[in-house]
Amino acid sequence: MKTHSSPDCPFCEPQSSSISFYKFREFRAIYNRSPIVPGHSLVIPRHHIQSLLDLSDDEIRDMMVFARQVTENLSRIFPATGFNWTIQDGAAAGQTVPHLHVHVIPRYDGDLPHPGDWYPRILKNEQGYIDNSDEREWLSVDEMGTIVRHIRDNWER
Ligand SMILES: [Zn+2]
């Protein structure tokens with residue numbers, strides 16, 4: 001894995017350290033600053049990697065094993081009975097932050113008007129990291145701190 005970081009990247013340290021709630025090997029889980037539903041988080045490499053295709057087989061395995069652990073914990077904490085995972089890889093696919101991230105979205109019956117409504121919201125969410133749109137609700141620093149503490153306090157391995 002490459003080890004450089006990008007100063008303008010919202011997912012590189014130290015920018016993301018306050019919203020990071022768990023680490024596993026070369027990956028970390030961070031809470032989304034503008035969650036589309038409660039518990040909406042991201043699993044990211046600790047270093048600035050753009051694409052899933054830049055990871056080794058072992059790193060992909062670590063990322064997916066960690067994403068499962070994150071999903072199990074978030075589903076219990078928030079709580080949820082289903083989940084969505086998604087990766088936008090490359091600008092053509094809607095990736096706006098050039099740092100690989102897996103969205104982990106805990107779901108429960110009736111959380112959105114239609115179960116498929118999560119996807120357009122994700123694309124808007126991705127855009128929000130760049131355009132700072134006022135349309136979308138952003139959590140305050142205090143709200144983020146409370147949620148991140150709550151997740152850490154209730155984490156089970
Ligand atoms: Zn980065």
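Is alanine 92 buried or exposed? In this predicted model, in which residues are numbered from 1 along each chain as its sequence is written, local features need pLDDT of at least 70 and side-chain atom pairs count only at pLDDT 80 or more, whereas totals for chains, interfaces and linings use all residues. Side-chain values rest on heavy atoms, with hydrogens and water left out.

Alanine 92 is exposed, with a relative accessible area of 88%, where exposed means over 50%, buried under 20% and partly exposed in between (1.4 Å probe, protein chains only). This residue lies in the loop between E4 and E5, strands being DSSP runs (E, at least two residues) numbered from the N terminus. From alanine 92 to proline 10 the distance is 20 Å in space, C-alpha to C-alpha, and 82 residues in sequence.

The zinc ion has as its protein donors Cys9 (SG), Cys12 (SG), His48 (ND1) and His99 (ND1), at 2.0 to 2.3 Å; donors are N, O and S atoms within 2.8 Å of the metal (3.2 Å for Na, K and Ca), and since water is not among the atoms, sites may look incomplete. The angles among the 4 donor atoms are 104 to 116°, and the site is tetrahedral, a term applied to four donors if all angles lie between 85 and 135 degrees. Cysteine 9 lies in the segment before strand E1 (20-24) and histidine 99 in the loop between strand E4 (82-86) and strand E5 (102-107), so that the pair ties together parts 90 residues apart in sequence. Cysteine 9 is buried at a relative accessible area of 5%, as are cysteine 12 at 1% and histidine 99 at 0%.

Definitions and conventions: Tetrahedral: all angles 85-135°; square planar, octahedral: opposite > 155°, others 65-115°. Helix = DSSP H or I, 4+ residues; strand = E, 2+ residues; numbered from the N terminus.
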